[in-house]
Amino acid sequence: MPPLPLTDAVQEALALTKRGVSELLIESEFAQKLARAEQSGKPLRIKLGLDPTAPDLHLGHTVVLNKMRQMQDLGHTVIFLIGDFTSMIGDPSGRNITRPPLTREQIEENAKTYFAQASLVLDAAKTEIRYNSEWSDPLGARGMIELSAKYTVARILEREDFTKRFKAGTPISVHELLYPLMQGYDSVALHADLELGGTDQKFNLL
């Protein structure tokens with residue numbers, strides 16, 4: 001299928017999306033998604049996932065939340081994903097030791113105010129709020145094995161944080177290797193067209 005032409009409106013939307021962003025991967029593919037959305041009238045689905053490992057969002061989250069609001073203002077569907085399942089694994093990004101596990105009760109308590117805080121930036125009425133336990137809990141052992149079979153340990157060990165820990169002889173728990181897989185599965189389950197995240201999340205988002 002030949003690429004769609006990029007109208008002025010699409011180019012403006014692309015420029016707005018890129019503003020203040022470190023990287024947009026892959027820009028040409030996203031430009032075509034914008035063009036198809038304009039042609040079909042069907043909004044894109046934009047996902048931001050946050051793990052409730054603490055009761056409050058921090059200042060750094062406002063950067064990506066503001067980008068989400070810009071996408072809302074362009075007419076797209078934004079999904080505020082609360083990682084109640086992935087919080088039980090613990091994001092290994094930038095860690096030199098395994099994160100201590102959180103109980104489901106701790107996670108639920110932390111998550112109570114997440115969307116209320118995010119709604120100070122987002123248009124709450126136009127935001128789809130989801131929890132990744134919706135599809136991760138039913139996955140079960142068989143589903144987890146099938147998902148794990150799609151990735152290799154060698155690929156996961158390309159992460160700088162895992163590489164440093166492996167070379168230093170610092171333990172890496174098996175459940176930590178599942179984190180990027182589950183984050184990727186979130187995007188599949190939500191049919192996300194674009195995933196937003198900090199630079200520390202690049203490997204997880206890829």
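**Ground rules.** I number residues from 1 along each chain as its sequence is written, and I use heavy atoms for side-chain values, leaving out hydrogens and water. As the model is predicted, I ask for pLDDT of at least 70 for local features and 80 or more for side-chain atom pairs, while totals for chains, interfaces and linings use all residues.

Entry 1: I take buried as under 20% relative accessible area, exposed as over 50% and partly exposed as in between, with a 1.4 Å probe and protein chains only. This core has 30 residues, and Phe-30, Ile-46, Leu-65 and Phe-80 touch the most other members. Among the elements giving two or more residues are helix 1 (8–18), helix 3 (61–73) and strand 2 (77–82). My helices (H or I, at least four residues) and strands (E, at least two) are DSSP runs, numbered from the N terminus. Helix 2 gives the most, five residues. At least three residues come from each of domain 1 (1–42) and domain 2 (44–205), with bounds from an automatic or database domain assignment. I also found another core apart from this one, with eight residues, including Phe-85 and Tyr-179.

**Entry 2: helix 2.** Which residues of helix 2 are buried? I listed Phe-30, Ala-31, Gln-32, Leu-34, Ala-35 and Ala-37. Their cover includes helix 1, helix 3 and strand 4; contact here means heavy atoms within 4.5 Å. Not counting residues up to four places away in sequence, Phe-30 touches Leu-14, Thr-17, Leu-24, Leu-44, Met-71 and Leu-194. After the helix comes Gly-41, with a positive phi near 80°.

Entry 3: I traced an open sheet of four strands, ordered 3-2-1-4, with parallel pairing. Two strands pair if DSSP finds at least two bridges between them. Strand 3 (127–131) and strand 4 are at the edges with a single partner strand each, so one side of each has no neighbour in the sheet. From one strand to the next, the twist averages 25°. Strand 2 and strand 3 are joined by five bridges in the parallel sense, and Leu-81 stands opposite Arg-130 in strand 3.

**Entry 4: across the sheet.** Helix 12 (residues 179–190) lies across strand 1, strand 2, strand 3 and strand 4, at about 145° to strand 1. Axes are lines fitted to C-alpha atoms, for helices over the stretch in contact, with angles from 0 to 180 degrees between N-to-C directions.

Key:
A nonpolar core is a set of buried Ala, Val, Leu, Ile, Met, Phe, Trp, Tyr and Cys residues joined through side-chain atoms within 4.5 Å.
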